[in-house]
Amino acid sequence: MTVTYTARVANARFCGFSKLLLAWKGSIYKVLYKEFLAFFAMYTAISITYRFCLLEEQKRYFERLSIYCNHYASLIPMSFVLGFYVTLIVTRWWDQYTSIPLPDTIMCTLSGGLQGADERGRLLRRTLMRYASLSAILILRSVSTAVFKRFPTMDHVVEAGFMTREERKKFEGLHSPYNKYWIPCVWFTNLAAEARLEGRIKDDNTYKLLLEELNDFRGKCSLLFHYDMISVPLVYTQVVTLAVYSFFLVCLIGRQFLDPGQGYPGHDLDLYVPVFTLLQFFFYAGWLKVSTNDFFISFFTLSPFTNTRECKLLRLELWD
């Protein structure tokens, strides 16, 4: 999940940003430490085997194999493949976030455009906003685990006051294999047309503005529906994952420190610990984890209408 840290660096102070590197919650260390330890353990096991378990003839063969692996490992286009994939995932994640439908603009348009201080005018404004919010809840239930926990069934939606029992019968009377989030939008347009005929909406420009706001709202709901239904192609994720892990499997052999006495080019030092290879694993594998981690896929756990108290307060403020 995403972790907010801007407040911790709001003031310029000594080592302010450095302290963020030690944070654990939501950090790359928490995501990657198991794979990192596994990689280092396998590298150490191969190194110990090479140094203490192999015969001299076997060592010479392993050294030639290590040089071969190190030479051809560079043919895997890690930076290109992984960089393009991460860019695609981050762009998709941010577009999903900006597609979350918020009722504020419709609320402001209704408040200023639908006239009437009497009970009929109040009920029209309340019902129109209820339809808009109902449409948002129906789509968020299908993409957010938090919203689904708050409204696991349509009974909970009715109990919360977002739908009447008569409306539920009409809603369930239309059979569709897909999400029916658009039905409340149809109810909204029909009720808005009635308000225009009654003169509650004074002119066509205001009526047009209201429908445009509704269409923008419905369009965001549609985007969330399609983002949820159409994922990044599986083959692309498989290619990137195989490229990263294949590269570092080869590095387990190709990045071994060989006997300096053999005079192999580039093997003048025997440092035992492959510092730069470990850093490379941390950066590349961390990059892959960032793009495929759950907080990019299920960021909707922070969607609106996830808190029961907030739902009740919003309902009281808008409709009661």
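This report walks through a predicted model, from its overall make-up down to a few individual residues.

## Ground rules

Residues are counted from 1 along each chain as its sequence is written, and side-chain values rest on heavy atoms, with hydrogens and water left out. Since this is a prediction, local features need pLDDT of at least 70 and side-chain atom pairs count only at pLDDT 80 or more, while totals for chains, interfaces and linings use all residues.

## The overall picture

The protein has 15 helices and zero strands.

Take the contacts (heavy atoms within 4.5 Å) with a separation of 6 or more: 73% of them come from residues 24 or more positions apart. The accessible surface is about 18,900 Å², and carbon and sulfur atoms own 62% of that. Those areas come from the Shrake-Rupley method with a 1.4 Å probe, and for residues only the protein chains shown count as cover.

## Transmembrane annotation

An unreviewed UniProt entry puts the feature "transmembrane region" at residues 36-54, 75-94, 128-148, 234-257 and 269-288. UniProt positions follow the numbering used here, feature names are shortened, and annotations may be inferred rather than shown by experiment.

Here's how two of those stretches look in the model. Residues 75-94 are 85% helix and 0% strand, with 32 Å between the end C-alpha atoms. Residues 128-148 are 95% helix and 0% strand, and there the end C-alpha atoms sit 23 Å apart.

## Helix α10 and Pro184

Helix α10 runs over residues 183-197, 15 residues in all, and spans 22 Å from first C-alpha to last, close to the 21 Å expected at 1.5 Å a residue. That expected span is 1.5 Å times one less than the number of residues. Its buried residues are Ile183, Pro184, Cys185, Trp187, Phe188, Leu191, Ala192 and Ala195, and they pack against α5 (104-113), α6 (119-143), α9 (165-173) and α11 (204-229). Just past the helix, Gly199 takes a positive phi of about 85 degrees.

Pro184, which sits in α10, counts as buried at 0% relative accessibility. Leaving out neighbours within four places in sequence, Pro184 is in contact with Tyr131, Leu134, Ser135 and Leu138.

## Two nonpolar cores

A nonpolar core here is a set of buried Ala, Val, Leu, Ile, Met, Phe, Trp, Tyr and Cys residues joined through side-chain atoms within 4.5 Å. In the largest, with 40 residues, Ile106, Leu110 and Phe188 touch the most other members. At least two residues each come from α5, α6, α8 (154-159), α10 and α11, and α6 gives the most, with twelve.

Phe188 is in contact with Ile106, Leu110, Leu128, Tyr131, Ala132, Leu210 and Leu214, again setting aside neighbours within four places in sequence.

## Aromatic pairs

Rings of Phe, Tyr and Trp (its six-membered ring) pair when their centres lie within 6.5 Å; planes under 30 degrees apart are stacked, over 60 edge-to-face, and the rest tilted. That rule gives 21 aromatic pairs. Phe84 and Tyr236 have ring centres 6.2 Å apart and planes at 40 degrees, so they are tilted. Phe84 lies in α4 (residues 78-98) and Tyr236 in α12 (residues 234-254), so this pair ties together parts 152 residues apart in sequence.

Tyr178 and Phe225 are edge-to-face, because their planes stand at 90 degrees, with centres 6.5 Å apart. Tyr178 is in the loop between α9 and α10 and Phe225 in α11, 47 residues apart. Tyr178 is exposed at 53% relative accessible area, whereas Phe225 counts as buried at 15%.

## Around Leu32

One aromatic cluster is formed by Tyr29, Phe36, Phe39, Phe247, Phe248, Phe281, Phe282, Phe283 and Tyr284. Leu32 touches Phe281 and Phe282, along with Ala285, Gly286 and Lys289, not counting residues up to four places away in sequence. Leu32 belongs to α2 (residues 28-53) and is buried at 1% relative accessible area. Its C-alpha atom is 7.3 Å from that of Lys289, 257 residues away along the chain.

Notes. Helices (H or I, at least four residues) and strands (E, at least two) are DSSP runs, numbered from the N terminus. Buried means under 20% relative accessible area, exposed over 50%, partly exposed in between (1.4 Å probe, protein chains only).
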